[in-house]
Amino acid sequence: MTTKADLIKKEKLDRQIMALRVAKEFQDCNVVNLGIGIPGLAANFVPAGREVIFHSENGVLGFGEITLPGEGDLDLVNAGGQTVKVAPGMSFFGHDESFVMVRGGHIDISVMGAYQVSEKGDLANHFLPDRQIGTIGGAMDLACGAKKVIIAMNHTTKDGGYRIVKKCSYPVTANKCVKLIVTDIAVIEVTKKGLVLKEVAPGWTPEDVQVLTEPKLVVDPKCHEIELM
Amino acid sequence: MPLNKIVTSFDEAVADINDGAVIMVGGFGTVVSTPSCLLEALDRKGVKNLTTVSNSTGFGADVWRMAGAPFPEDMDILVRNMRIKKAIVAAPVSALFVNNFEKLLRAGKVEIEMVPQGTLAERIRAAKAGIGGFYVQVGVGTTVEEGKEKKIIDGREYILELPIKADFALIHAYKGDRWGNLVYRGTSRTFNPTMAGAAKVTIAEVDEIVELGALDPEAIVTPGIYVDRVVARPKEAPKMEGKTTDAEAKESRKKYEADLKKAQRKRGDR
(Lines give C-alpha, C1' and ligand atoms only; values in the text may rest on other atoms or scores of the structure.)
Protein backbone atom coordinates (compact mmCIF):
# COMPACT_ATOMS: atom_id res chain seq x y z
CA MET A 1 0.00 0.00 0.00
CA THR A 2 1.37 3.40 -0.99
CA THR A 3 1.41 5.80 1.93
CA LYS A 4 0.41 9.46 1.75
CA ALA A 5 4.05 10.43 2.31
CA ASP A 6 5.07 8.37 -0.74
CA LEU A 7 2.37 10.02 -2.85
CA ILE A 8 3.46 13.52 -1.88
CA LYS A 9 6.94 12.72 -3.20
CA LYS A 10 5.72 10.84 -6.26
CA GLU A 11 6.31 12.33 -9.71
CA LYS A 12 3.52 14.59 -10.94
CA LEU A 13 2.72 16.49 -14.12
CA ASP A 14 4.72 19.66 -14.68
CA ARG A 15 3.22 23.08 -15.33
CA GLN A 16 3.53 22.90 -19.12
CA ILE A 17 1.73 19.57 -19.28
CA MET A 18 -1.04 20.88 -17.01
CA ALA A 19 -1.40 23.89 -19.33
CA LEU A 20 -1.53 21.56 -22.33
CA ARG A 21 -4.36 19.60 -20.70
CA VAL A 22 -6.25 22.81 -19.85
CA ALA A 23 -6.00 24.00 -23.45
CA LYS A 24 -7.76 20.84 -24.65
CA GLU A 25 -10.91 22.34 -23.11
CA PHE A 26 -10.84 25.31 -25.50
CA GLN A 27 -13.46 24.73 -28.18
CA ASP A 28 -13.50 26.37 -31.57
CA CYS A 29 -14.51 30.09 -31.37
CA ASN A 30 -14.38 30.19 -27.56
CA VAL A 31 -13.58 33.47 -25.82
CA VAL A 32 -11.08 32.60 -23.09
CA ASN A 33 -9.62 34.58 -20.19
CA LEU A 34 -6.42 33.20 -18.71
CA GLY A 35 -5.17 34.01 -15.23
CA ILE A 36 -1.56 34.44 -14.22
CA GLY A 37 0.71 31.40 -13.81
CA ILE A 38 -0.15 27.93 -15.13
CA PRO A 39 -3.39 29.20 -16.81
CA GLY A 40 -1.40 31.75 -18.82
CA LEU A 41 0.80 29.01 -20.27
CA ALA A 42 -2.27 27.43 -21.87
CA ALA A 43 -2.21 30.21 -24.51
CA ASN A 44 0.63 28.34 -26.20
CA PHE A 45 -1.31 25.06 -26.55
CA VAL A 46 -4.53 25.89 -28.41
CA PRO A 47 -5.46 22.66 -30.24
CA ALA A 48 -4.67 22.77 -33.95
CA GLY A 49 -7.55 23.90 -36.14
CA ARG A 50 -9.41 25.73 -33.37
CA GLU A 51 -9.74 29.50 -33.37
CA VAL A 52 -9.72 30.85 -29.82
CA ILE A 53 -10.08 34.52 -28.84
CA PHE A 54 -8.21 35.52 -25.69
CA HIS A 55 -9.64 38.22 -23.43
CA SER A 56 -7.59 40.12 -20.91
CA GLU A 57 -8.99 42.29 -18.10
CA ASN A 58 -6.86 45.30 -19.03
CA GLY A 59 -8.92 45.76 -22.18
CA VAL A 60 -7.93 43.58 -25.11
CA LEU A 61 -9.50 40.78 -27.12
CA GLY A 62 -7.80 38.59 -29.69
CA PHE A 63 -4.16 39.28 -28.90
CA GLY A 64 -1.32 37.12 -30.20
CA GLU A 65 1.43 35.09 -28.57
CA ILE A 66 3.50 36.27 -25.64
CA THR A 67 6.71 37.87 -26.94
CA LEU A 68 10.20 37.04 -25.79
CA PRO A 69 11.22 39.14 -22.78
CA GLY A 70 12.31 42.63 -23.80
CA GLU A 71 11.01 42.33 -27.35
CA GLY A 72 7.46 43.58 -26.99
CA ASP A 73 5.70 46.94 -26.84
CA LEU A 74 4.83 47.97 -23.26
CA ASP A 75 1.52 49.34 -24.58
CA LEU A 76 0.48 45.84 -25.61
CA VAL A 77 0.35 43.57 -22.57
CA ASN A 78 -1.86 40.86 -21.09
CA ALA A 79 -3.27 41.10 -17.55
CA GLY A 80 -0.08 39.56 -16.18
CA GLY A 81 1.94 42.40 -17.70
CA GLN A 82 3.61 40.17 -20.31
CA THR A 83 4.04 41.83 -23.69
CA VAL A 84 2.04 40.10 -26.43
CA LYS A 85 2.01 40.22 -30.21
CA VAL A 86 -0.39 42.08 -32.50
CA ALA A 87 -2.86 39.70 -34.15
CA PRO A 88 -5.51 40.17 -36.86
CA GLY A 89 -8.94 40.94 -35.37
CA MET A 90 -7.55 42.29 -32.11
CA SER A 91 -9.57 45.03 -30.34
CA PHE A 92 -8.98 47.38 -27.40
CA PHE A 93 -11.41 48.81 -24.83
CA GLY A 94 -11.45 50.37 -21.37
CA HIS A 95 -11.88 48.66 -18.02
CA ASP A 96 -15.63 49.20 -17.66
CA GLU A 97 -16.27 47.58 -21.04
CA SER A 98 -13.84 44.78 -20.22
CA PHE A 99 -15.89 43.80 -17.17
CA VAL A 100 -19.20 44.27 -18.94
CA MET A 101 -17.89 41.38 -21.05
CA VAL A 102 -17.02 39.40 -17.92
CA ARG A 103 -20.18 39.97 -15.87
CA GLY A 104 -22.46 39.87 -18.87
CA GLY A 105 -21.62 36.27 -19.72
CA HIS A 106 -19.64 37.06 -22.87
CA ILE A 107 -16.58 35.08 -21.77
CA ASP A 108 -16.85 31.33 -22.43
CA ILE A 109 -14.00 30.08 -20.29
CA SER A 110 -12.06 31.56 -17.39
CA VAL A 111 -8.97 29.64 -16.29
CA MET A 112 -7.58 30.62 -12.91
CA GLY A 113 -5.32 29.29 -10.22
CA ALA A 114 -6.65 28.51 -6.74
CA TYR A 115 -5.65 27.74 -3.18
CA GLN A 116 -8.75 25.70 -2.45
CA VAL A 117 -11.76 24.33 -4.30
CA SER A 118 -14.61 22.73 -2.38
CA GLU A 119 -16.66 19.71 -3.41
CA LYS A 120 -19.50 22.07 -4.30
CA GLY A 121 -17.25 24.08 -6.59
CA ASP A 122 -16.68 26.96 -4.17
CA LEU A 123 -13.49 28.76 -5.07
CA ALA A 124 -10.90 30.34 -2.75
CA ASN A 125 -8.18 32.08 -4.71
CA HIS A 126 -7.89 35.70 -3.62
CA PHE A 127 -6.35 35.23 -0.19
CA LEU A 128 -2.59 34.65 -0.06
CA PRO A 129 -2.24 32.16 2.79
CA ASP A 130 1.52 32.48 3.18
CA ARG A 131 1.10 36.24 3.61
CA GLN A 132 -2.31 36.30 5.36
CA ILE A 133 -3.51 39.00 3.03
CA GLY A 134 -6.00 39.20 0.18
CA THR A 135 -5.96 40.69 -3.30
CA ILE A 136 -9.21 40.31 -5.22
CA GLY A 137 -8.27 41.76 -8.61
CA GLY A 138 -10.62 40.42 -11.28
CA ALA A 139 -11.05 36.97 -9.72
CA MET A 140 -14.53 37.51 -8.23
CA ASP A 141 -15.91 39.00 -11.44
CA LEU A 142 -14.50 36.17 -13.57
CA ALA A 143 -15.67 33.47 -11.16
CA CYS A 144 -19.20 34.90 -11.26
CA GLY A 145 -19.44 35.89 -14.88
CA ALA A 146 -17.60 33.38 -17.05
CA LYS A 147 -19.75 30.59 -18.48
CA LYS A 148 -17.23 27.94 -17.45
CA VAL A 149 -14.60 28.28 -14.72
CA ILE A 150 -11.63 25.93 -14.97
CA ILE A 151 -9.11 25.77 -12.15
CA ALA A 152 -5.51 24.78 -12.81
CA MET A 153 -3.57 24.13 -9.64
CA ASN A 154 -1.32 21.70 -7.83
CA HIS A 155 -3.43 18.99 -6.19
CA THR A 156 -2.08 19.60 -2.69
CA THR A 157 0.01 22.15 -0.83
CA LYS A 158 3.74 21.52 -0.84
CA ASP A 159 3.55 19.50 2.37
CA GLY A 160 0.58 17.48 1.17
CA GLY A 161 -2.25 19.52 2.67
CA TYR A 162 -5.62 19.21 0.93
CA ARG A 163 -6.50 21.86 -1.62
CA ILE A 164 -9.58 20.03 -2.85
CA VAL A 165 -11.62 20.24 0.32
CA LYS A 166 -15.07 19.60 1.75
CA LYS A 167 -15.42 23.25 2.70
CA CYS A 168 -13.02 26.12 1.98
CA SER A 169 -11.18 27.35 5.06
CA TYR A 170 -9.84 30.41 3.22
CA PRO A 171 -12.11 33.35 2.33
CA VAL A 172 -14.27 32.40 -0.64
CA THR A 173 -13.93 34.19 -4.00
CA ALA A 174 -17.26 32.88 -5.31
CA ASN A 175 -19.55 29.97 -4.41
CA LYS A 176 -20.47 27.06 -6.67
CA CYS A 177 -18.63 28.41 -9.69
CA VAL A 178 -15.92 25.87 -10.57
CA LYS A 179 -16.81 23.35 -13.30
CA LEU A 180 -13.48 21.58 -13.88
CA ILE A 181 -10.28 21.15 -11.87
CA VAL A 182 -7.06 20.26 -13.66
CA THR A 183 -4.28 19.36 -11.23
CA ASP A 184 -0.83 17.84 -11.45
CA ILE A 185 -2.31 14.37 -10.85
CA ALA A 186 -5.94 14.43 -12.00
CA VAL A 187 -8.81 15.99 -13.91
CA ILE A 188 -11.95 16.35 -11.81
CA GLU A 189 -15.39 17.56 -12.83
CA VAL A 190 -17.64 19.33 -10.33
CA THR A 191 -21.16 17.92 -10.69
CA LYS A 192 -24.39 17.90 -8.70
CA LYS A 193 -23.50 14.34 -7.66
CA GLY A 194 -20.14 15.51 -6.32
CA LEU A 195 -16.58 15.53 -7.61
CA VAL A 196 -16.20 13.11 -10.50
CA LEU A 197 -12.69 11.83 -11.22
CA LYS A 198 -12.35 11.75 -15.00
CA GLU A 199 -8.62 11.36 -15.62
CA VAL A 200 -5.47 10.50 -13.70
CA ALA A 201 -1.81 11.27 -14.41
CA PRO A 202 0.39 8.45 -15.77
CA GLY A 203 1.36 6.12 -12.93
CA TRP A 204 -1.48 7.30 -10.66
CA THR A 205 -4.55 5.32 -9.66
CA PRO A 206 -7.94 6.70 -8.56
CA GLU A 207 -7.11 5.37 -5.06
CA ASP A 208 -3.88 7.43 -5.00
CA VAL A 209 -5.77 10.58 -6.03
CA GLN A 210 -8.38 9.93 -3.32
CA VAL A 211 -5.67 9.82 -0.63
CA LEU A 212 -4.70 13.39 -1.52
CA THR A 213 -8.30 14.63 -1.82
CA GLU A 214 -10.44 15.44 1.23
CA PRO A 215 -13.98 14.89 -0.14
CA LYS A 216 -15.04 11.51 -1.48
CA LEU A 217 -14.46 11.27 -5.22
CA VAL A 218 -16.91 9.59 -7.56
CA VAL A 219 -14.76 7.61 -9.99
CA ASP A 220 -16.14 7.89 -13.51
CA PRO A 221 -16.54 4.38 -15.01
CA LYS A 222 -14.63 5.71 -18.01
CA CYS A 223 -11.85 7.22 -15.86
CA HIS A 224 -8.60 6.99 -17.82
CA GLU A 225 -5.06 8.25 -18.02
CA ILE A 226 -4.82 11.94 -18.97
CA GLU A 227 -4.85 12.30 -22.74
CA LEU A 228 -2.85 15.16 -24.06
CA MET A 229 -3.20 14.83 -27.80
CA MET B 1 -12.75 82.89 -26.42
CA PRO B 2 -11.60 79.55 -27.75
CA LEU B 3 -11.95 76.61 -25.45
CA ASN B 4 -8.50 75.72 -24.17
CA LYS B 5 -7.97 73.09 -21.48
CA ILE B 6 -4.22 72.87 -21.95
CA VAL B 7 -2.14 73.68 -18.89
CA THR B 8 1.59 74.10 -19.28
CA SER B 9 3.00 72.33 -16.23
CA PHE B 10 2.22 69.33 -14.08
CA ASP B 11 2.59 71.44 -10.93
CA GLU B 12 -0.06 73.84 -12.24
CA ALA B 13 -2.29 70.92 -13.21
CA VAL B 14 -2.44 69.61 -9.63
CA ALA B 15 -2.17 72.96 -7.82
CA ASP B 16 -5.70 72.78 -6.36
CA ILE B 17 -5.50 69.18 -5.10
CA ASN B 18 -5.37 69.61 -1.36
CA ASP B 19 -5.00 67.49 1.76
CA GLY B 20 -7.84 65.04 2.21
CA ALA B 21 -8.88 65.00 -1.45
CA VAL B 22 -10.41 61.89 -3.03
CA ILE B 23 -8.50 61.12 -6.21
CA MET B 24 -8.98 58.49 -8.91
CA VAL B 25 -5.78 57.35 -10.59
CA GLY B 26 -5.91 55.60 -13.96
CA GLY B 27 -3.83 52.64 -15.02
CA PHE B 28 -3.72 48.95 -14.25
CA GLY B 29 -0.62 47.04 -13.19
CA THR B 30 2.03 48.17 -15.61
CA VAL B 31 3.28 51.75 -15.37
CA VAL B 32 2.79 52.80 -18.98
CA SER B 33 -0.96 53.38 -18.53
CA THR B 34 -0.40 55.45 -15.37
CA PRO B 35 -0.34 59.27 -15.12
CA SER B 36 3.23 59.16 -13.80
CA CYS B 37 4.08 62.85 -14.09
CA LEU B 38 0.86 63.96 -12.38
CA LEU B 39 1.62 61.59 -9.50
CA GLU B 40 5.13 63.03 -9.24
CA ALA B 41 3.73 66.58 -9.18
CA LEU B 42 1.19 65.64 -6.53
CA ASP B 43 3.95 64.13 -4.44
CA ARG B 44 6.08 67.29 -4.88
CA LYS B 45 3.14 69.35 -3.65
CA GLY B 46 3.27 67.39 -0.42
CA VAL B 47 -0.44 66.62 0.01
CA LYS B 48 -1.54 64.35 2.85
CA ASN B 49 -4.50 62.17 3.85
CA LEU B 50 -5.58 61.37 0.30
CA THR B 51 -8.23 58.80 -0.45
CA THR B 52 -7.13 57.08 -3.65
CA VAL B 53 -9.22 55.04 -6.08
CA SER B 54 -7.14 52.81 -8.33
CA ASN B 55 -6.74 49.27 -9.60
CA SER B 56 -3.48 48.63 -7.76
CA THR B 57 -1.05 50.33 -5.42
CA GLY B 58 2.17 50.23 -7.39
CA PHE B 59 5.40 48.31 -7.71
CA GLY B 60 7.72 51.30 -7.44
CA ALA B 61 9.77 53.25 -9.97
CA ASP B 62 12.86 51.04 -9.77
CA VAL B 63 11.03 48.04 -11.18
CA TRP B 64 9.76 50.06 -14.15
CA ARG B 65 13.06 51.79 -14.78
CA MET B 66 14.62 48.36 -15.21
CA ALA B 67 11.77 47.41 -17.57
CA GLY B 68 12.69 50.41 -19.72
CA ALA B 69 9.67 52.66 -18.97
CA PRO B 70 10.68 56.30 -19.61
CA PHE B 71 8.26 57.61 -16.94
CA PRO B 72 8.56 55.04 -14.17
CA GLU B 73 6.56 56.42 -11.24
CA ASP B 74 3.34 54.60 -10.32
CA MET B 75 1.02 54.67 -7.28
CA ASP B 76 3.98 53.67 -5.12
CA ILE B 77 5.23 57.28 -5.05
CA LEU B 78 2.14 58.27 -3.02
CA VAL B 79 2.34 55.09 -0.94
CA ARG B 80 6.00 55.24 0.04
CA ASN B 81 5.79 58.94 0.88
CA MET B 82 2.82 58.32 3.18
CA ARG B 83 0.37 60.53 1.28
CA ILE B 84 -2.53 58.07 1.43
CA LYS B 85 -5.02 57.74 4.27
CA LYS B 86 -7.29 55.26 2.54
CA ALA B 87 -7.02 53.24 -0.65
CA ILE B 88 -10.06 51.97 -2.57
CA VAL B 89 -8.45 49.30 -4.69
CA ALA B 90 -8.95 45.97 -6.48
CA ALA B 91 -5.45 44.50 -6.33
CA PRO B 92 -3.68 46.08 -3.34
CA VAL B 93 -0.84 43.60 -3.14
CA SER B 94 0.95 41.46 -5.66
CA ALA B 95 0.99 37.69 -5.44
CA LEU B 96 4.65 37.77 -6.43
CA PHE B 97 6.09 40.83 -4.75
CA VAL B 98 5.81 42.55 -1.37
CA ASN B 99 5.14 46.19 -2.25
CA ASN B 100 5.31 49.22 0.00
CA PHE B 101 1.54 49.30 0.35
CA GLU B 102 1.56 45.85 1.95
CA LYS B 103 4.20 47.04 4.41
CA LEU B 104 2.06 50.08 5.38
CA LEU B 105 -1.02 47.91 5.64
CA ARG B 106 0.73 45.51 8.00
CA ALA B 107 1.97 48.44 10.07
CA GLY B 108 -1.62 49.75 10.33
CA LYS B 109 -0.64 53.00 8.61
CA VAL B 110 -3.20 52.93 5.81
CA GLU B 111 -6.88 52.02 5.48
CA ILE B 112 -8.19 49.86 2.69
CA GLU B 113 -11.46 49.13 0.93
CA MET B 114 -10.93 46.19 -1.40
CA VAL B 115 -13.33 46.03 -4.35
CA PRO B 116 -13.61 43.44 -7.12
CA GLN B 117 -12.05 44.90 -10.26
CA GLY B 118 -15.20 44.95 -12.39
CA THR B 119 -17.27 46.37 -9.54
CA LEU B 120 -14.62 49.07 -9.09
CA ALA B 121 -14.84 49.96 -12.79
CA GLU B 122 -18.64 50.01 -12.71
CA ARG B 123 -18.82 52.07 -9.49
CA ILE B 124 -16.57 54.63 -11.18
CA ARG B 125 -18.69 54.49 -14.35
CA ALA B 126 -21.84 54.93 -12.24
CA ALA B 127 -20.43 58.18 -10.83
CA LYS B 128 -19.65 59.34 -14.35
CA ALA B 129 -23.10 58.30 -15.63
CA GLY B 130 -25.13 59.79 -12.79
CA ILE B 131 -26.42 56.38 -11.72
CA GLY B 132 -27.32 56.01 -8.06
CA GLY B 133 -26.17 52.42 -7.76
CA PHE B 134 -26.50 49.00 -9.36
CA TYR B 135 -26.95 45.36 -8.41
CA VAL B 136 -24.32 42.69 -9.14
CA GLN B 137 -23.84 39.04 -8.26
CA VAL B 138 -20.11 39.55 -7.89
CA GLY B 139 -19.22 39.29 -4.21
CA VAL B 140 -22.36 37.45 -3.07
CA GLY B 141 -21.42 34.99 -0.33
CA THR B 142 -18.03 36.62 0.22
CA THR B 143 -16.59 39.30 2.52
CA VAL B 144 -17.50 41.86 -0.17
CA GLU B 145 -21.24 41.57 0.59
CA GLU B 146 -20.88 42.69 4.23
CA GLY B 147 -23.21 45.57 5.06
CA LYS B 148 -24.70 45.75 1.58
CA GLU B 149 -28.37 45.62 0.58
CA LYS B 150 -29.37 42.37 -1.10
CA LYS B 151 -32.05 41.77 -3.67
CA ILE B 152 -33.38 38.69 -5.43
CA ILE B 153 -33.76 39.32 -9.16
CA ASP B 154 -35.05 36.48 -11.37
CA GLY B 155 -34.40 34.07 -8.52
CA ARG B 156 -30.77 35.02 -8.10
CA GLU B 157 -29.13 36.95 -5.32
CA TYR B 158 -27.56 40.37 -6.03
CA ILE B 159 -25.88 43.03 -3.89
CA LEU B 160 -26.24 46.78 -4.22
CA GLU B 161 -23.07 48.67 -5.16
CA LEU B 162 -22.88 52.47 -4.98
CA PRO B 163 -21.00 54.99 -7.12
CA ILE B 164 -17.58 56.21 -6.03
CA LYS B 165 -17.50 59.98 -5.89
CA ALA B 166 -14.16 61.72 -6.26
CA ASP B 167 -12.73 65.23 -6.38
CA PHE B 168 -10.13 64.58 -9.07
CA ALA B 169 -9.40 61.93 -11.68
CA LEU B 170 -5.78 61.73 -12.86
CA ILE B 171 -5.57 59.84 -16.12
CA HIS B 172 -3.09 59.08 -18.88
CA ALA B 173 -3.75 59.07 -22.62
CA TYR B 174 -1.68 58.93 -25.80
CA LYS B 175 -2.80 62.10 -27.57
CA GLY B 176 -5.11 64.94 -26.63
CA ASP B 177 -6.25 68.27 -28.06
CA ARG B 178 -7.24 71.59 -26.47
CA TRP B 179 -10.86 70.48 -26.12
CA GLY B 180 -9.73 67.47 -24.08
CA ASN B 181 -10.53 64.86 -26.73
CA LEU B 182 -8.35 61.83 -26.06
CA VAL B 183 -7.07 58.73 -27.81
CA TYR B 184 -5.15 55.92 -26.19
CA ARG B 185 -2.55 53.43 -27.32
CA GLY B 186 -2.91 49.63 -27.21
CA THR B 187 -3.76 48.11 -23.85
CA SER B 188 -3.06 51.39 -22.04
CA ARG B 189 -6.72 52.44 -21.83
CA THR B 190 -7.42 50.41 -18.71
CA PHE B 191 -9.16 52.60 -16.10
CA ASN B 192 -8.29 55.86 -17.90
CA PRO B 193 -11.35 56.29 -20.15
CA THR B 194 -13.53 54.85 -17.36
CA MET B 195 -12.36 57.52 -14.91
CA ALA B 196 -12.50 60.42 -17.39
CA GLY B 197 -15.49 62.50 -16.27
CA ALA B 198 -16.15 60.43 -13.15
CA ALA B 199 -14.68 63.02 -10.75
CA LYS B 200 -15.46 66.71 -10.28
CA VAL B 201 -12.24 67.55 -12.15
CA THR B 202 -10.47 65.28 -14.67
CA ILE B 203 -6.84 65.93 -15.48
CA ALA B 204 -5.33 64.13 -18.47
CA GLU B 205 -1.60 63.58 -18.85
CA VAL B 206 -0.86 62.91 -22.53
CA ASP B 207 2.20 61.85 -24.47
CA GLU B 208 1.46 64.50 -27.06
CA ILE B 209 -0.86 67.47 -27.55
CA VAL B 210 -2.12 67.81 -31.12
CA GLU B 211 -4.00 70.56 -32.98
CA LEU B 212 -7.79 70.57 -32.74
CA GLY B 213 -9.00 68.56 -35.72
CA ALA B 214 -5.93 66.35 -35.88
CA LEU B 215 -7.63 63.48 -34.04
CA ASP B 216 -9.93 61.33 -36.19
CA PRO B 217 -13.48 61.81 -34.80
CA GLU B 218 -14.13 58.11 -35.51
CA ALA B 219 -11.22 57.17 -33.26
CA ILE B 220 -11.70 59.49 -30.27
CA VAL B 221 -12.28 57.30 -27.21
CA THR B 222 -12.83 60.01 -24.60
CA PRO B 223 -14.83 63.01 -25.87
CA GLY B 224 -13.45 66.28 -24.51
CA ILE B 225 -16.45 67.11 -22.33
CA TYR B 226 -15.21 64.56 -19.77
CA VAL B 227 -11.83 66.27 -19.45
CA ASP B 228 -11.01 69.53 -17.66
CA ARG B 229 -7.24 69.85 -18.04
CA VAL B 230 -4.72 68.45 -20.52
CA VAL B 231 -1.01 68.48 -19.83
CA ALA B 232 1.75 67.02 -22.01
CA ARG B 233 4.68 64.90 -20.96
CA PRO B 234 8.11 66.26 -21.86
CA LYS B 235 9.31 65.01 -25.26
CA GLU B 236 12.28 63.36 -23.63
CA ALA B 237 12.14 61.57 -20.33
CA PRO B 238 13.86 63.58 -17.62
CA LYS B 239 17.29 62.43 -16.50
CA MET B 240 17.09 60.72 -13.17
CA GLU B 241 19.39 63.27 -11.49
CA GLY B 242 20.94 60.66 -9.29
CA LYS B 243 17.60 59.83 -7.67
CA THR B 244 18.44 56.19 -8.11
CA THR B 245 21.83 55.05 -9.24
CA ASP B 246 22.02 52.12 -11.62
CA ALA B 247 23.56 50.08 -8.84
CA GLU B 248 20.55 50.77 -6.61
CA ALA B 249 18.13 49.92 -9.40
CA LYS B 250 20.00 46.69 -10.09
CA GLU B 251 19.99 45.83 -6.40
CA SER B 252 16.23 46.45 -6.25
CA ARG B 253 15.64 44.34 -9.34
CA LYS B 254 17.72 41.55 -7.81
CA LYS B 255 15.66 41.71 -4.65
CA TYR B 256 12.46 41.69 -6.72
CA GLU B 257 13.56 38.59 -8.59
CA ALA B 258 14.63 36.87 -5.37
CA ASP B 259 11.24 37.71 -3.79
CA LEU B 260 9.55 36.37 -6.90
CA LYS B 261 11.42 33.07 -6.75
CA LYS B 262 10.75 32.76 -3.02
CA ALA B 263 7.03 33.37 -3.55
CA GLN B 264 6.93 30.83 -6.37
CA ARG B 265 8.68 28.24 -4.22
CA LYS B 266 6.25 28.91 -1.38
CA ARG B 267 3.30 28.47 -3.69
CA GLY B 268 4.76 25.15 -4.72
CA ASP B 269 5.25 26.13 -8.37
CA ARG B 270 7.74 23.96 -10.11
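Q: What do the buried residues of H4(A) pack against?
A: In chain A, the buried residues of H4(A) pack against S2 and helix H5 (139–145). From chain B, the partners are H6, strand S5 (134–136) and H7. Helices (H or I, at least four residues) and strands (E, at least two) are DSSP runs, numbered from the N terminus.

Q: And the ground rules here?
A: This is a predicted model: local features need pLDDT of at least 70, side-chain atom pairs count only at pLDDT 80 or more, and totals for chains, interfaces and linings use all residues. Residues are numbered from 1 along each chain as its sequence is written, while chains are lettered from A and ligands numbered from 1 in the order in which they are written.

Q: How many residues of H4 of chain A are buried?
A: Seven of the nine, residues 95–103 being the helix, so H4(A) is largely enclosed by the rest of the structure. Buried takes 20 or more other C-beta atoms within 10 Å of the residue's own, exposed 12 or fewer, and partly exposed falls in between, with C-beta atoms placed from the backbone.

Q: Which ones are buried in H4(A)?
A: His95(A), Asp96(A), Ser98(A), Phe99(A), Met101(A), Val102(A) and Arg103(A). After the helix comes Gly105(A), with a positive phi near 80°.

Q: At what angle do H4(A) and H6(B) pack?
A: About 125°, with the axes 9 Å apart. That makes H4(A) oblique to H6(B). Axes are lines fitted to C-alpha atoms, for helices over the stretch in contact, and angles run from 0 to 180 degrees between N-to-C directions. Under 35 degrees is roughly parallel, over 145 roughly antiparallel, 65 to 115 roughly perpendicular, and the rest oblique.

Q: Which residues in H4(A) and H6(B) meet?
A: From H4(A), His95(A), Asp96(A), Phe99(A), Val102(A) and Arg103(A). They meet Gln117(B), Gly118(B), Ala121(B), Glu122(B) and Arg125(B) in H6(B). This contact divides into three nonpolar, three polar and four charged residues. Ala, Val, Leu, Ile, Met, Phe, Trp, Tyr, Cys and Pro are nonpolar, Asp, Glu, Lys and Arg charged, and the others, Gly among them, polar.

Q: Zooming out, how many residues does the contact take from chain B?
A: 40, plus 39 from chain A. Two residues are in contact if their C-beta atoms, placed from the backbone, lie within 7 Å. On the side of chain B that touches chain A, strand S3 (84–91), helix H6 (117–129) and helix H7 (192–195) each supply at least two residues. H6(B) gives the largest share, five residues. By class, that side has 16 nonpolar, 16 polar and eight charged residues.

Q: New topic: which residue other than glycine has a positive phi near 55°?
A: Gln132(A). Its place is the loop between strand S8 (127–128) and strand S9 (133–134) of chain A. Gln132(A) is exposed, because there are 8 C-beta neighbours inside 10 Å. Cys29(A), also not a glycine, has a positive phi of about 75°. Cys29(A) sits in the loop between helix H2 (15–23) and strand S1 (31–34) of chain A.

Q: Is Cys29(A) buried or exposed?
A: Exposed, because 10 other C-beta atoms lie within 10 Å.

Q: Where is Pro47(A) found?
A: In the loop between helix H3 (38–41) and strand S2 (53–56) of chain A. Pro47(A) counts as partly exposed, because 14 C-beta neighbours lie inside 10 Å. Leaving aside neighbours within four places in sequence, Pro47(A) contacts Ala23(A), Lys24(A) and Phe26(A).
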